[in-house]
Amino acid sequence: MSTTLQPDPSWLQVDPEFYRHGGHSFGPGEMLALAEAKGERALVYPASGGEEALSLANLGATVSVFDSLENSARARALAEQAGIAVTFLEGVPGSPEIPGGPYDTVYSCFGLLSALEFFDDWAGGIAGALKTGGRLVIHDVHPAAYVPGVRKGVFAVAHSYFDDEEDGGGPGWTMGDLISALGMAGMPTIYLEEMPDSERYQTPLDRFHNVRWDVRWRLPGAFVLVALKP
């Protein structure tokens, strides 16, 4: 009788030695946007697990992290274990006021956008924190990934892409909302890569384990976006 191999919790743990020895976790799209990070002042926002902050530090940037004390606890611990210097700034993600600027790069971590009620204050705060010529790099879940569902065994359109549904099934925002908010804050989008999944984060499409990957991947699950402050 065959059994399904279950993941060991240790497989999901982040090894600080990887970062101590100069590793980074960025995918190709992110590296394209961050290729000139050496010598820059970078802000990671929010803290996430700390991997983005340490990755930027290993690319040669001077890195600060902006998040609440509670949310940044894992990132602080990872930075300490890896022996990498990162400055932690306490605040609330989405705040229109971001300390410590101006920055050459602001990196927005995976999962933030769906947690924001509005994009206006967030985008305005980032625009105010960036120096002229600075860039915002976003790697996050694609809102279209919230649209599908399984109905009577069929992988189908189950939620509205455009409306914020009462059951919370829809995304609550669109790519148009995001790009418009950035543009209104004075940060035009100069690069957008849509992809079927994220190399290191789960997307809503990953919950459909019984749907063939080549069917699931007909939809975007994640994206990388770069906006510039001219």
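Predicted model: local features only at pLDDT ≥ 70, side-chain atom pairs only at ≥ 80, totals over all residues.
Let's start in helix α1, which covers residues 16-20. Here E17 pairs with R20, and their closest N and O atoms are 3.0 Å apart. The two residues sit three apart in the helix, which means that about one helical turn separates them.

Next, find E30, which forms a salt bridge with R200 at 2.7 Å between the closest N and O atoms. This pair links distant parts of the chain, 170 residues apart: E30 belongs to helix α2 (residues 28-33), while R200 lies in the loop between β8 (189-195) and α8 (213-216). E30 is buried, with a relative accessible area of 3%, whereas R200 is partly exposed at 23%. There is a further partner to look for here, as E30, E52 and R200 are linked in a network of salt bridges.

Our last stop is among the strands. The side chains of D104 and K131 meet in a salt bridge, with 3.2 Å from N to O. D104 lies in strand β4 (residues 103-108) and K131 in strand β5 (residues 130-141), so this bridge ties together parts that are 27 residues apart in sequence. D104 counts as buried because its relative accessible area of 15% falls under the 20% cut-off. K131, with 37% relative accessibility, is partly exposed.

Methods. Residues numbered from 1 in each chain as written. Heavy atoms only, no water. Salt bridge = Lys/Arg side-chain N within 4 Å of Asp/Glu carboxyl O. Helix = DSSP H or I, 4+ residues; strand = E, 2+ residues; numbered from the N terminus. Buried < 20%, exposed > 50% of the residue type's maximum accessible area, 1.4 Å probe, protein only.
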